[in-house]
Amino acid sequence: VALAAVAGLAVIAVAIAIVLGGRAAITLAVIFVLAWGYSAPPLRLCARGLGELDTALVVTVLVPFLGFSLQAPDLRGGELLALSIVPLALLQFAMLVAIEFPDAVGDAATGKRTLVVRLGAAPAAKLYVAATALAFAWPALAYVLGVPGLTALAMAVPGPLAIWRMARIRDHADATAFERLTFFAVFLLVATSACVLASWLAMTS
C-alpha cells in the first residue's frame with residue numbers, strides 16, 4: 001500500500017512539474033521528502049528530535065514559498081515573504097514543542113525521541129519560551145528590514161497573549177493544564193498567521 005501511494009504521488013508530482021515548471025517541482029519534491037521522512041523510515045525525523053524543525057520548515061516556509069512562487073514566478077517581493085514568515089515558523093516550532101509535553105512519557109516508552117524527550121521537560125519548556133519570545137521580538141527587526149509598518153504591527157498583535165503564556169510555562173509540569181498549554185500554543189500560531197495575512201490583504205485590496 002505504501003509503495004502504491006508513493007508511486008501515485010510520484011505520478012502526480014511529475015504531472016505537476018510538467019504543468020507548473022521546474023521550481024515548483026523541486027519545491028514539491030522537497031516538501032514530499034520532508035513530509036514523508038517525518039514519520040516514515042529510514043529518516044523518521046519525529047523520533048530523532050528533528051520532527052519539530054522538519055514540520056516548521058514544511059508548513060510555514062516551503063508551502064508559503066510554493067504558493068508565492070506560483071503567483072510571482074520572478075520572485076519579486078520574496079524578501080518580504082521571508083521576513084513575514086519568520087515569526088510563523090518560530091511559533092510553529094514552539095507549538096510542536098508544546099504539544100509534545102502531554103505525550104512525553106508515552107513517547108519515551110516507545111522510543112519516539114522528540115525534543116521534549118531528548119532535552120527533558122524543563123529545558124524543552126525554556127526552548128518553547130525562547131522560540132515564542134523571538135517570534136514576538138521579530139516584528140521590530142522586520143520593520144527595520146523593510147516590512148511595512150502595518151504588517152509588523154499585525155505580527156505583534158497577539159503579543160500580550162504570548163507574554164501570558166510564557167509566564168505560565170510552568171503548565172508544562174501540570175497534567176491538568178496540558179489542554180490549556182497546547183490550545184494556546186496552537187492559537188498563537190493561528191492568530192498571528194491570520195493577523196499577518198489580514199495586513200497584506202488590507203494593503204493589496
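User: What should I know before I start?

Analyst: Residues are numbered from 1 along each chain as its sequence is written, and side-chain values use heavy atoms, without hydrogens and water. In this predicted model, local features need pLDDT of at least 70 and side-chain atom pairs count only at pLDDT 80 or more, while totals for chains, interfaces and linings use all residues.

User: How far apart should the ends of helix α4 be?

Analyst: Helices are DSSP runs (H or I, at least four residues), numbered from the N terminus. The expected span is 1.5 Å times one less than the number of residues. For the 23 residues of α4 (78-100) that gives 33 Å, and the end C-alpha atoms are 33 Å apart, which agrees.

User: Is Pro64 buried or exposed, or in between?

Analyst: Buried means under 20% relative accessible area and exposed over 50%, with partly exposed in between (1.4 Å probe, protein chains only). Pro64 counts as partly exposed because its relative accessibility is 25%. Pro64 is found in helix α3.

User: Which residues does Pro64 touch?

Analyst: Contact means heavy atoms within 4.5 Å. Leaving out residues up to four places away in sequence, Pro64 touches Val59, Leu81 and Ile85. The C-alpha atoms of Pro64 and Ala82 are separated by 9.4 Å, although these residues are 18 apart along the chain.

User: Which helices each supply at least two residues of the lining of the largest pocket?

Analyst: Rolling a probe the size of a water molecule over the atoms shows where empty space is left. Here, α3 (51-71), α4 and α10 (178-204) each supply at least two lining residues.
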